[in-house]
Amino acid sequence: MRFLHPAHLVWALLIAVPVVLYLFRRKPRTVRVSTLLFFKSLAREHRESEWLRRLKRLLSLLLNILAILAVVAALARPVVSPRAGSLRSVVVLIDRSASMAAADGRGVSRLDAAKAILGERLAGLPGGVAVMAIAYDCRPDILQPFTLDRREIARALAAVEVRPIEGDPDAAVCLAARLAALDPPAAIWHATDGLPGEGSGERSEGRREKGEESGARSEGRGAQGEERTGEGHPTPYSPRPTPYSRRSAPHAPLPPDVSLETLCVPLERPVNAGITAFQMRRLPMQPSRFEAFVQVHAVAPGPLEAALDVRVDGRLTATRKLTLGPRPPSPAPRSSPDAPRPSPFAERLLIPVTAGEGAVLSIVVAAPGDALPLDDAVHARVPELRPVRVLWVAKDPDPFTELALRSLGAEGEIQVFQGGPAAWPPKEPPDVAVFDGWLPEAWPEGVAVVAVNPPRACGPLQVAPIRGGVPVESVRVAAERHPLLYGVASGRVALTQAQAVASDGPLQPLWVGPSGPLLAAGEARGQRIVVMAFAPKNCEHLPLMASYPILVGNAIYWSVQPAMAAHGGNSRKTGELIATDGSPVTWSVPAAGGLRQEAAPVRGRWAELDRVGLWQTGGGEAGSAALLAERESLLPARESEEREAEGEGRIGKERPTSRSPSLLSGDLTALFLWCLLALLVLECWLFHRHAVY
Amino acid sequence: MSGEAELFDPKFLSRLRALFFKLRKRRQLRKKGLQATPAAGFTREFKDHRHYTAGDDYRAIDWRLFARHERLFIRIFEEVQEFHIHILLDRSRSMYEPHAEKRSTALRLAVALAYLGLIGQHRVSLLTLGPDARREMPPLKGQGHVHALLQCLTALEFDSVTDLVASLRQFRPGRDRRGIVFIISDLFGRLPEESWDALSRTIAWPAETHVIHVLHPHEMQPNLEGETQLIEVETAESRRIWLTRRELEAYARAFGDYRDALERSCMRRQINYVAWATDQPFEEMFLGLLARGSALAGG
C-alpha cells in the first residue's frame, strides 16, 4: 500500500489532541445533593466498577484516534496495487473479443465491467507510472503508447468496443510482455472474461475435448431431413486453418520484472448457445446439391432448449428444437481437484440446402437467456453451380482412374479434360490437375494437384519410387477424420505401393504402409496437393472397390475446395484478412428488416473481416463471415469461492497471475471513509445511545 | 441578632402583621354569628346587639338598654377559640445543604405560623425533627414571645440526620386543646416509602395536620449534565453518574411520581399537603396554605 498524497499524513499529529484531552480531561464534577433517592434509580443501570469505566474511557480514546487516522488516511489517498511501489510502467490489456459482449442480468457487458475495474485500478495508480493501453481480439492493437496522462488512457479505454472476432490472448500477452519489458519493473493488467492462466491453446483444446465428450441429443428431425452426426463420427469437413491458430503453445515465460495480473470479469452463470462451426459444400455424390454443416455449442447450468431456424432469403424453410443436455455425471469424486467443470453441450447438424444460386442462407440459433447474440447467426450465399474443371494428364492412362473420372464426370458437376504430357501447360488453367503416372518438369503453381503414381519428386512433392512395388495387405489409417477418407472403407484396402512419400514434408500421411505413407494430402503455399503412391492398375483389390472412385472424388473436391469457396460459398471466420484491390468492401449485415448494406473502407490492400454478414470486394470476391469460435461461444463462468480456493491451491504455482480482493485493491479512500463512519456510529452507539458511563 | 435580622427583618414582620389582619378580615367576612363550643378556655368578647326574638336566651338580654330604650335587645358575643399550634421543623442537613433557600424558607414559614398563633392568642409549640423529635422551647402564648421565638429559630442548627418515622412516632400532641400541626420538611428519607410510613403516624393525632413539603427547584429538576459525582449531604454517600437529558427527564418523572404518591397518601389520611418551592412568592404560598382549610386562618 502506498499513499498518493503522503503530505497529508502530517495531519496524523492531530491524534495528540484526543490524547492530551484524555490526559488532562476534566474530572467529574462533584455535586452535593439533598438526597440520592431518585438518582439511585437512574444509576442502577450505570453502576459499574471503576476499572470498567477506565476501560471504556480508553476505548473511547482509541476510537477517537482511529477515527482521526481514518480521516488522515483517506486524505492521503491510500492505494493498494501489487508491486505498485516499485512499478515504473503498466500495460493495460483489454479483451475486446466477441465474448466480452456477453451481458449480465442488468445489461452490463463484460467489456463494461472490465473498463470499470481498469478505471478503478488506474485511479489508484501513482502518478509517475507510465501506462499503455492495448486492446486485442485476434490480434493486439495498441490504443495508446506509454503515457503519464491518465485522461488519454481513460479516453482510449472508453473508445474500446466489442468486435465479433475471436480473441487470441497469447499474442496480446506476448506483445504486452515485450512492451512492458521496455520499462521495467512493469505490470500487465489483463482484463478479460477468460480464466487466468489458461492460454488460448490450452483453453481451446480443453473445450474442444469437453465439447466432443459432452452428450448431444436432439428432438426429431428437421423438416428437410437433415442428418445429425453422431458422437465420435468423423465429419466430412475440416475446420478452415486460420492464420491465427488457437492451438498455439502457451505464451513464453514473462520477462523478469514483469508481472501479469489477470482481472477476470466472467459471468456468474452464463447461458449461451452459439454456432461454432459452419460450412456449406456440395454433396460428394450429388454435386448439384448443397448441404450445410452446423455445429452448435452451448453453455448453461443445466439442459438448454434452443431453436434453430433455417431461412433462405429471409423465408423460414426449416426449424427444429435442440435440447442441449449434459452427459451423466462423471464418477470422479467432486472433491478431486481434477473434477470436471460443467461440460459445454454441442450439437452437430447436416442440413440439406435447397436454394438457388446466390440465395442467402441464414441459420439462426435462439435460446432463452442467451447472453451473447454475436454467435447466434451465420449467413452464407449459396455457391454458384459451376462444374469443376479437371485436367487429367497421363502418359499411360490408368483405366481405373479413367473409369473413376468418367463416372464422376457423368454427374455433370465435374468436367474432365484428358490429355497427354504435350497438353501441359493448358491454355486455360483447370481447377484440378490430375497427373497420372506423370509429372511436369516445372511444378504447377496456383492449381490443385492430384498426383497418382508420381514417377519422381517434383516441387513440394517428395516421393521416392519403389522398384517392383510393395504389396500392402492392409493400410494403417493415420488420419481417420480427414475429409479425403470420407466414405472410403480404408480397412478393406489392399494395394501395391509404388512410391514412398516423405512423411516430413508439408503433406499429411493418411494411409501408411510398411514402406511409408502411400496416401498423403496437404497444403503448400496455398496449393492443395493429394498424392496416391500406387498405380491402381497394379493393385489387385483397390480398383475393384467403390472406395477408389470415392477417394478420387474426395481428392478432387477437397483439393479444389479453396478455389470453389472463392466463388460464393466463401465462408470465413471473422478476423481473417482478405485481399482487396483497395476499394471499399461491401457488407450485407443483418438488421431488423433483413440485410443492410454497408461499405467498409480499406486501408492498403488487405481488409479485415470485422463483422458478421456477407461481404464482397471490389474485385468480385464474395463470401460470408461469422464468429464460429468455440472459445467465444463457451462463455466462462465465474468460479465459486470454494472452487477458486481449490484452483488457487492447485495451479497457484503454475500461473503467475493473481487476483487481489476487490475490497483491498485500488483506491482505499472510500474504504477508510467507511471505516470512519463505522467508528463514529460505534462511538455514538456506545457512549451516547447507551451512555455506557 | 444579625442572623435574626437577616431572616426576620422588620419588613417581614410588618408583612406578617398585615397578613394577620388580612386573614382576620377574611374570617370576619366569612363567618358571622355565634360559634358555640363547649371546650374550656374559650374567651367571650362582645360583638353586637340585636332585637330580641322569641326563643332567644333571655339571659342575654341587655337590661340596661331596655332601661334606656324600653325595648329588648340581646347581646351577641364573639367566641374566640384557643388552639395549640405545633410547628415541627425538619432540622436535617438536607434542609440546609446544598440549597440554603430551603432553610430560610422553612424558618420564615415557622416564624409566620408562630407569629400568627401568638398574635391570635394561641399556644405555640416549636419542635424540631432529627433523629427524634426535640422540643426547642416550651409552649408560648402572647405576642411578647415573638422575640424569643426568633432567637430560638435563629440559633437552630441544621446538621442532623432525619428519621421521620422515629420522630413522628415520638411526637404526641396533647388532647387538652385543639391542635394544629405543621410539619415543615423536605421529607427525604432512605426510601420513598419511608415518608408515607411516617405520615401515616399522624392519623392518631387529635389535630389538624398540614405537611409543608419544602423543595428547591433543582431538587425537582436538576440542572446537572455530564459526568457528575453526587454526594448526599446527610450520609456522605456518593454516586457517579453520567447525566443526559434522558436521565434528567427520567429523574423529573420519578420525582413527580413520588410527589403525586405522597399527595395521594396525605389526601387519604385527611392531611393537607402543600409542596412549597423555594422560588415561589412566600405570601402567596402562605395565604394559599391557610386558605386550604387551616383552622388557624378560619378560627
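**Close-up 1. B:Pro98 lies in the loop of chain B that runs between strand E3 (83-90) and helix H4 (100-119).** Helices (H or I, at least four residues) and strands (E, at least two) are DSSP runs, numbered from the N terminus. The peptide bond from B:Glu97 to B:Pro98 is cis, with omega near -10°. The model is predicted: local features need pLDDT of at least 70, side-chain atom pairs count only at pLDDT 80 or more, and totals for chains, interfaces and linings use all residues. Residues are numbered from 1 along each chain as its sequence is written, chains are lettered from A and ligands numbered from 1 in the order in which they are written, and side-chain values use heavy atoms, with hydrogens and water left out.

**Close-up 2. A salt bridge joins the side chains of A:Arg32 and B:Glu97, at 2.9 Å from N to O.** A salt bridge is a side-chain nitrogen of Lys or Arg within 4 Å of a carboxyl oxygen of Asp or Glu. Between chain B and chain A the count is 2 salt bridges. On the side of chain B that touches chain A, the elements giving two or more residues are strand E8 (226-232), strand E9 (238-243) and helix H9 (245-268) of chain B. H9(B) gives the most, with 7 residues.

**Close-up 3. The contact between the chains takes 36 residues from chain B and 23 residues from chain A.** Contact means heavy atoms within 4.5 Å. Chain B and chain A bury about 3,000 Å² between them, 62% of it on carbon and sulfur atoms; buried area is the accessible area (1.4 Å probe) that two parts lose on being put together, summed over both.

**Close-up 4. Helix H4 (residues 110-123) and helix H5 (residues 150-158) of chain A pack at an angle of about 175°, with their axes 11 Å apart.** H4(A) is therefore roughly antiparallel to H5(A), a term for angles over 145 degrees. Axes are lines fitted to C-alpha atoms, for helices over the stretch in contact, and angles run from 0 to 180 degrees between N-to-C directions. A:Lys115, A:Leu118 and A:Leu122 in H4(A) meet A:Arg150, A:Ile153, A:Leu157 and A:Ala158 in H5(A).

**Close-up 5. A:Pro185 is in the loop between helix H6 (169-180) and strand E7 (186-192) of chain A.** The peptide bond from A:Pro184 to A:Pro185 is cis, with omega near -10°.

**Close-up 6. A:Asp313 is in the loop between strand E13 (304-312) and strand E14 (315-324) of chain A.** Phi of A:Asp313 is near 55°, a positive value in a residue other than glycine.

Definitions and conventions:
Angles under 35 degrees count as roughly parallel, over 145 as roughly antiparallel, 65 to 115 as roughly perpendicular and the rest as oblique.
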